[in-house]
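Here is a friendly walk through one structure, taken as questions and answers.

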Amino acid sequence: GGGGGDDDDDEDSEYGRGVLPPLAEGESLNAEVSQRTGKTRPPDHLTESNLITLMERNGIGTDASIPTHINNIIERRYANLGAGRRLIPTDLGVCFVQGLKAIDSELVRPLVRGHVEKQLDLIARGDAAKEAVVEHIKHSFRSKFDFFVGHIGRMDALFENRFSPLASSGKPFTRCGRTNRILRLVASRPPRLYNPFTE
């Protein structure tokens, strides 16, 4: 509270907000536990500034290339720029990231791009030969590309479910015996199953 130094009752102190004071091993603590009812909220969307900070922290891009990366995200319609310069993911952006994660989750983590940037830094400092680095990166990405192409059906299924012309009218029902793609139940007269790849 006031000037009496009674921090335990002060809701504005860091200890009143759920932060534990420093403790030594074996020291006991008198604590009052309470339960609150509420709902969680998703975090706010990233602002351009937040994204730039995260990209810099993970070694992605340079001062010159980061604005281009962000512009590409918007131009390719993976996100829209909202109020407060917040990047709001579009259905396309969300579906694309989910598809990449379903096939090779490394493709959506900053480690892959950061690794490439570190390799390029080695060339710039003279610690690695350009040819060796380029071959290493090409081999790595060729392996990822081949794996991705071999599993593209996972991405196709996500896009079919999200962006099919009947996505709003048909409900996922079962898989096609011939193509193994999702069939949609179209509630028309007569009701029917729809697969755009076999129609």
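Q: What pattern does the protein chain follow along the sequence?
A: Welcome to a predicted model! Read along the sequence, the protein chain runs α-α-β-β-α-α-α-α-β-β-β, with 6 helices and 5 strands.

Q: Why is L20 called exposed?
A: The relative accessibility of L20 is 59%. Exposed means over 50%, so L20 counts as exposed. You will find L20 in the segment before helix 1.

Q: What makes up the nonpolar patch on the surface that includes L20?
A: L20 forms this patch with L23 and L29. Together, the three have about 280 Å² of accessible area.

Q: Which residues of helix 1 are buried?
A: In helix 1, which spans residues 48–57, the buried residues are E48, L51 and M55.

Q: How do you know that the buried residues of helix 1 line one face of the helix?
A: Look down the axis of helix 1: its buried residues fall within an arc of 60 degrees, so they line one face. In general, an α-helix has 3.6 residues a turn, so residues three or four places apart point the same way.

Q: What do the buried residues of helix 1 pack against?
A: Their partners are helix 2 (66–75), strand 1 (79–81) and strand 2 (87–89).

Q: How much of the protein chain is buried?
A: Buried means under 20% relative accessible area, and such residues make up 21% of the 199 residues in the protein chain.

Conventions
Residues numbered from 1 in each chain as written. Predicted model: local features only at pLDDT ≥ 70, side-chain atom pairs only at ≥ 80, totals over all residues. Heavy atoms only, no water. Buried < 20%, exposed > 50% of the residue type's maximum accessible area, 1.4 Å probe, protein only. Helix = DSSP H or I, 4+ residues; strand = E, 2+ residues; numbered from the N terminus. Arc of directions from axis to C-beta. Contact = heavy atoms within 4.5 Å. Patch = residues over 30% accessible without salt bridge, like charges linked within 9 Å, V, L, I, M, F, W, Y side chains within 5 Å. Areas by Shrake-Rupley, 256 points an atom, 1.4 Å probe, with all protein chains shown as cover. Salt bridge = Lys/Arg side-chain N within 4 Å of Asp/Glu carboxyl O.
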